[in-house]
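Subject: Structure handover

Hello,

Here is the structure I promised to pass on. Please open it next to this message and read the two together.

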Amino acid sequence: MGNTSSMLTQYDIEEVQEHCNHAFSQQEIVSLYHRFCQLDRNSSGFITGDEFLSVPEFAVNPLSQRLLRMLDGLNFKEFVAFLSAFSPRISLQQKIEFLFKVYDFNSNGKVTFDDILSVLRDLTGSFISEQQRQEVITRVLEEAGYRRDSSLVLSDFMRILGSSQLKMEVEVPID
Amino acid sequence: MNQRVGTDSSPLRFAACESASLPLFATFIGARRRAPPARTHRQIGSQLVGRRILAAMGGLDSSSMETDLDRPNIEEYLTTETIREVPKKLHLSDLLDISPTLTEAAGAIVDDSFTRCFKSNSPEPWNWNIYLFPLWCLGVVVRYGILFPASFSWLVSFSNLISCMFCRVGVLALGWIVFFAAFLPVHFLIRGHDKWRCKIERKLVEMMCSVFVASWTGVIKYHGPRPSRRPQQVFVANHTSMIDFIILEQMTAFAVIMQKHPGWVGFIQKTILESVGCIWFNRTESKDREVVATKIREHTQGVDNNPLLIFPEGTCVNNHYTVMFKKGAFELGCAVCPVAIKYNKIFVDAFWNSKKQSFTTHLAQLMTSWAVVCDVWYLEPQYIRPGEIPIEFAERVRDMISVRAGLKKVPWDGYLKYFRPSPKLTERKQQIFAESVLKRLEEI
């Protein structure tokens with residue numbers, strides 16, 4: 001699948017489908033490809049941060065910078081794999097794993113107090129003081145049985161969020 | 001400069017798109033998604049209405065007033081299933097569950113209504129079978145070889161001019177010759193009889209536009225009463241391409257507000273369009289707005305000026321959608337006459353994607369297609385109603401134009417094509433989230 005070709009072969013589609021664990025149907029993958037090409041204006045094979053930010057709805061999202069770091073330099077196959085967490089065909093466990101990756105900034109498999117603080121800071125901006133943020137996190141951590149200096153691993157996340165009715169789905173328009 | 005989106009910034013909270021990406025209000029903390037009780041929806045609605053009343057009474061400071069009043073018809077975009085009842089106690093699972101925000105972001109990546117406004121749809125291939133393909137080839141030959149002779153051989157020999165007379169470039173070239181032959185003497189020699197000069201120049205510009213339209217074999221149907229020359233009125237229309245102006249100018253000489261372009265277009269703007277009284281603006285200058293606003297006001301008050309045509313979208317949109325109208329044209333206190341333009345895509349897609357092609361390429365594309373077919377509707381002049389603010393007036397007129405031309409409305413500011421959204425909008429989302437966290441914190 002070259003960078004410059006704008007046609008996907010059947011083989012390409014199946015390869016992408018394999019890679020994302022069949023999260024999307026073949027039609028959805030074709031749709032996503034059109035979208036990828038539309039966003040990738042200079043046809044470089046990946047979407048730059050600027051090109052993502054040209055979508056105003058994405059640019060106003062408080063977590064956009066965090067997501068940009070995960071999306072940077074992804075080619076189409078990886079782009080679809082990234083979005084597969086939002087497919088209705090994906091299990092709750094895999095969605096929680098994605099959530100964990102968003103929190104785990106330095107990808108060391110552990111989410112610390114600071115990581116949670118950083119995400120909360122992105123989400124609340126200047127409308128809560130730093131002290132209040134820390135207080136909130138400390139309180140809920142203690143209530144759930146963790147200490148302030150404990151770090152959460154993936155299995156902790158699974159336990160905490162496993163029983164919640166997490167809804168993280170996006171519909172890919174098929175035109 | 002990136003904060004150009006001043007008072008005209010659109011809501012940006014509600015993507016009124018048909019796909020199921022979540023409306024942006026789903027940033028409330030809380031993992032449970034239950035059907036919200038009606039009171040929550042109304043509570044929020046009334047809170048917003050309350051702020052608007054406060055703002056109208058001058059109770060809020062201007063910056064928050066602007067962001068509030070820039071959101072017309074909020075309740076239309078607010079759907080009940082996204083407003084969740086805020087659960088009472090804050091748990092770790094609630095704090096860690098950032099799925100609504102992530103879903104919004106992913107929804108925006110997968111599809112968003114803003115980018116759709118500027119998508120030029122590639123024409124459907126219809127010629128891929130054994131008998132249609134030769135017909136298509138013949139069509140290409142006719143369009144490129146006869147209708148649009150690429151060779152400007154008429155320049156070389158006059159006799160060719162006659163043979164090219166019925167061809168588009170020939171028509172266009174002839175038109176330009178006649179136009180300049182008449183315009184230049186009139187412009188430079190007839191001094192002192194300004195009224196006559198203006199009349200003649202106006203007629204010449206109208207003629208030139210007709211020539212342009214003929215050069216693309218334009219089939220334009222005008223509906224509604226012809227615009228009259230009166231002071232205290234402006235015309236507003238939806239914008240698809242620069243040819244909108246030419247099509248309208250053919251019927252009546254309008255003065256128009258245009259972005260200054262480089263190249264030969266700029267040259268024409270400077271020399272010819274000055275004579276019909278055009279106003280220039282520059283998108284990239286932030287102080288420009290006040291200057292232009294003053295010029296517009298002066299123009300509408302002048303008795304002898306040509307009626308002013310404004311494209312309140314501020315940018316070219318692909319003729320399937322309308323983006324937010326800028327309120328500049330609607331706060332002049334005069335009559336606003338809407339004009340709706342709809343192109344028929346079967347013959348050619350008239351959308352000028354200024355990021356993808358230059359105007360010359362666009363014109364060439366038009367001239368090598370069969371025809372430019374469009375409908376123009378002149379709608380009833382509208383006045384601002386008592387108690388209506390300019391933004392609401394603009395939305396009302398946009399409604400009229402969209403309905404008439406069969407376009408979908410989208411709550412985005414067209415200038416987002418050039419500038420990033422204002423950080424204030426992200427801050428609003430953060431504020432809502434923060435408030436809900438704090439509220440639940442108190443209840444622990």
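Below are some notes on the fold, the helices and the interface.

The model is predicted: local features need pLDDT of at least 70, side-chain atom pairs count only at pLDDT 80 or more, and totals for chains, interfaces and linings use all residues. Residues are numbered from 1 along each chain as its sequence is written, chains are lettered from A and ligands numbered from 1 in the order written, and side-chain values use heavy atoms, without hydrogens and water.

Chain A first. It has 10 helices and 0 strands. Both are DSSP runs numbered from the N terminus: helices are H or I of at least four residues, strands E of at least two. Chain A has 175 residues, and 48% of them count as buried. Buried means under 20% relative accessible area, exposed over 50%, and partly exposed in between (1.4 Å probe, protein chains only). Take the contacts in chain A between residues at least 6 apart in sequence: 59% join residues at least 24 apart. Contact means heavy atoms within 4.5 Å.

Next, a helix pair. Helix α1 (residues 10–19) of chain A packs with helix α6 (residues 76–83) of chain A at about 40 degrees, their axes 9 Å apart. Axes are lines fitted to C-alpha atoms, for helices over the stretch in contact, and angles run from 0 to 180 degrees between N-to-C directions. From α1(A), the contact uses E15(A), V16(A) and H19(A). From α6(A), it uses F76(A), K77(A), V80(A) and A81(A). By type, the contact residues are 4 nonpolar, 1 polar and 2 charged. Nonpolar covers Ala, Val, Leu, Ile, Met, Phe, Trp, Tyr, Cys and Pro; charged covers Asp, Glu, Lys and Arg; the others, Gly among them, are polar.

Helix α5 (residues 64–71) of chain A has S64(A), R66(A), L67(A), L68(A) and L71(A) buried. Their packing partners include α7 (92–103) and α8 (113–124) of chain A, and α5 (99–110) of chain B. Just after α5(A), G73(A) has a positive phi of about 75 degrees.

D156(A) sits in helix α10 (residues 154–161) of chain A. D156(A) is buried, at 15% relative accessible area. Leaving out residues up to four places away in sequence, D156(A) touches Y146(A) and S151(A).

Last, the interface. 51 residues of chain B contact 60 residues of chain A. The chains bury about 5000 Å² between them, 71% of it from carbon and sulfur atoms. Buried area is the accessible area (1.4 Å probe) that two parts lose on being put together, summed over both.

Best wishes
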